[in-house]
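Work through the exercises below with the sequence and the model open. Try each task before reading its solution.

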Amino acid sequence: MKCMRVQEGSFKTVTDNNGTGYFHKLGDDVKVHMPKPKPVKPIADVSALHATWEGKNVPRLAELLGVSVKSLERLRVGFDGVCWITPMFTGAGVLVGGRKRYENGKQTSVPGGHSGIFIPTDITTDDLYIVEGSSDLCAILDLGFDGIGRPSCSGGTEYIKQYLSIFKRRVVIVSDNDEPKKRPDGTTFRPGQIGAEKLCDEILPLTRSATIIKPPRHPDIRAWYLDGCTRDKVLRLIKNTTTIYPERGKR
């Protein structure tokens, strides 16, 4: 057996492009250490909990976020007496967890739940906007579009694929317009835009078309919406952005 770490007891040493390796004889007394599998996090049944807080104190959250009560109600938001909770689903619509939001803006997850995607009620169009977070999703809904929300700039991919596998749609991925982040080597990157590009690559075969847009001068779609963005401005941005088709490649 070739070992990359332990030299003692080896009968041969080989150095190649992969580094230096030490060969050991395996016998009955040799123990091979295998990594333990990571424990599987249980998915809590939060449906019963959800029924106790859905629809409560929604106007106050609408005031804090600057979005409509109607959009928050479409996300089935509620209040548990301490914080607001937005339910999270699998791509098949199974409620598996929730995202808590406190008055001061702090966000946490419902204990014992599972991170899913935000899916509003009454999605009826063939066009689907995918955004980051529930408040951005409310902004998209207020602008008159149908959409779903990711839990983060890189999360929810498998559930989004599951959702799209049920019915192919024209997809618009709305990326956050991040400030550049620095890597240890000094180079910079924008996590929101990288996450949007990776998601596009993953879901393209499941779509009729895919377009990635980002707010021109605002950090996210909700900030743009609060600053006067209209439906026509979003449609104009899409029109001036490259759309990718799974069969034909780039336009």
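**Exercise 1: Cavity linings**

By class, six nonpolar, four polar and three charged residues make up the lining of the second largest cavity. The model is a predicted one.

Task: State how many cavities of 30 Å³ or more a search of the whole structure finds, then describe the second largest cavity.

Solution.
1. The search finds two cavities of 30 Å³ or more.
2. The second largest cavity holds about 60 Å³ of space.
3. Its lining has 13 residues, and those closest to the centre are Glu 132, Arg 150, Val 174, Ser 175 and Gly 192.
4. Strand E8 (127-132), strand E10 (170-174) and helix H6 (191-203) are the elements that each give two or more residues to this lining.

Task: Find the volume of the largest cavity and name the elements that give two or more residues to its lining.

Solution.
1. The volume of the largest cavity is about 100 Å³.
2. Of its 15 lining residues, Leu 61, Leu 65, Thr 86, Arg 101 and Ser 134 are the closest to the centre.
3. Two or more lining residues come from each of H2, E5, E6 and helix H4 (134-142).
4. Sorted by class, the lining of the largest cavity has eight nonpolar, four polar and three charged residues.

**Exercise 2: The four-stranded sheet**

Task: Give the strand order of the open sheet of four strands and explain why one side of E4 and of E7 is left without a neighbour.

Solution.
1. The order is E4-E5-E6-E7, and the pairing is antiparallel.
2. Strand E4 (78-79) and strand E7 (107-109) are at the edges with a single partner strand each, so one side of each has no neighbour in the sheet.
3. E4 pairs with strand E5 (residues 84-89) in the antiparallel sense, over two bridges.
4. Across this pair, Phe 79 stands opposite Trp 84 in E5.

Task: Which helix lies across E5 and strand E6 (95-101), and at what angle to E5?

Solution.
1. The helix is H2 (residues 58-65).
2. H2 runs at about 90° to E5.

**Exercise 3: Confidence**

Task: Decide which stretches, among them residues 1-6 and residues 26-35, call for caution.

Solution.
1. The chain has a mean pLDDT of 85, with 80% of its residues at 70 or more.
2. Residues 1-6 have pLDDT below 50, and this stretch makes 19 contacts in the model beyond near neighbours in sequence.
3. Residues 26-35 stay under 50 as well, with three contacts beyond four places in sequence.
4. Where pLDDT is low, predicted coordinates should not be read in detail.

Terms used: Residues numbered from 1 in each chain as written. Predicted model: local features only at pLDDT ≥ 70, side-chain atom pairs only at ≥ 80, totals over all residues. Heavy atoms only, no water. Pairing = 2+ DSSP bridges. Contact = heavy atoms within 4.5 Å. Axes fitted to C-alpha atoms, helices over the stretch in contact; angles between N-to-C directions. 1 Å grid on protein atoms, 1.4 Å probe; cavity = no way out; pocket = protein on both sides within 12 Å on 5 of 7 lines; lining within 4 Å. Points joined across faces, edges and corners; volume = space filled by probe spheres on them. Nonpolar A, V, L, I, M, F, W, Y, C, P; charged D, E, K, R; others polar. pLDDT = per-residue confidence, 0-100.
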